[in-house]
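Hi,

Here is the structure I promised to pass on. Have a look first, and then read on for what turned up.

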Amino acid sequence: MLVFWAENLVLLAVPKTGSTALEGALAPRASMVLRDPPHLKHAPCYRYKRFLRPFFVQAGGKTPELMAIVRHPVDWLGSWYRYRHRDDLLGHENSTRGISFDDFVVEYCKGDPAPFAAVGSQDKFLRINDGEIGVQHLFKYEAWDQVTAFLETRLAVTLALKQINVSPRMDLTLSDDVRAHLHDKRAAEFAIWQAGQG
């Protein structure tokens, strides 16, 4: 999470949406960088609203605007799958080694998925209690030109992004049946992505 105090903007770090690259580029420019622990770095809207927003309002007398990035659900799940396929997770319950991408997505769709597929929800991350989207500026991961343009204008900077925390490349073709199952079981994930700009 990055806080830009003078510009009245907070960038929420939705996991697997390029937040580490943005942190690398913008941390020197930010008023506050929340890196650790992960549940603070990746605080969702509802947690921000409950704990951090009152603190910021009390400290500065204004309510910061929120920005976030959302990724196409299949691509987002593919990033998680690849990230959990890495060598240092071998033998860990979160490892996807030996599991097909189809099986990973089917498991993700369950109400209580196995640890290797328990990766959260972009929809739940971005919604607040009444179901509305909790950020004022929501961009699609696939529209980096718009993300960059917004941040460069708002922060008066020139962004030079480097790829950081990139997962290994793998074939991530979903079968038609599993893709349809994902759309059916996790329709909200597609709806929140559609709500993004780009």
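Let's begin with glycine 198. At 58% relative accessibility, glycine 198 counts as exposed, because exposed here means over 50%. One thing to keep in mind as you read: this is a predicted model.

Where does glycine 198 sit? You'll find glycine 198 in the segment after helix H9, which covers residues 187-194. Setting aside neighbours within four places in sequence, glycine 198 is in contact with Lys140, Ala143 and Gln146. There is also phenylalanine 139: 59 residues separate it from glycine 198 in sequence, yet the C-alpha to C-alpha distance is 6.3 Å.

Now for serine 19, which belongs to helix H1 (residues 19-26). Is serine 19 buried or exposed? With a relative accessible area of 12%, serine 19 is buried, because the cut-off for buried is under 20%. Again leaving out neighbours within four places in sequence, the contacts of serine 19 are Ala13, Val14 and His42.

Last, the cysteines. How many disulfides does the structure hold? The count is zero. As a reminder, a disulfide is a covalent bond between the sulfur atoms of two cysteines. Two cysteines to look up are cysteine 45 and cysteine 109: cysteine 45 has 1% relative accessibility and counts as buried, and cysteine 109 is buried too, with a relative accessible area of 9%. Both get that label because their values fall under 20%.

Happy browsing!

Conventions: Residues numbered from 1 in each chain as written. Predicted model: local features only at pLDDT ≥ 70, side-chain atom pairs only at ≥ 80, totals over all residues. Heavy atoms only, no water. Helix = DSSP H or I, 4+ residues; strand = E, 2+ residues; numbered from the N terminus. Buried < 20%, exposed > 50% of the residue type's maximum accessible area, 1.4 Å probe, protein only. Contact = heavy atoms within 4.5 Å. Disulfide = S-S within 2.5 Å.
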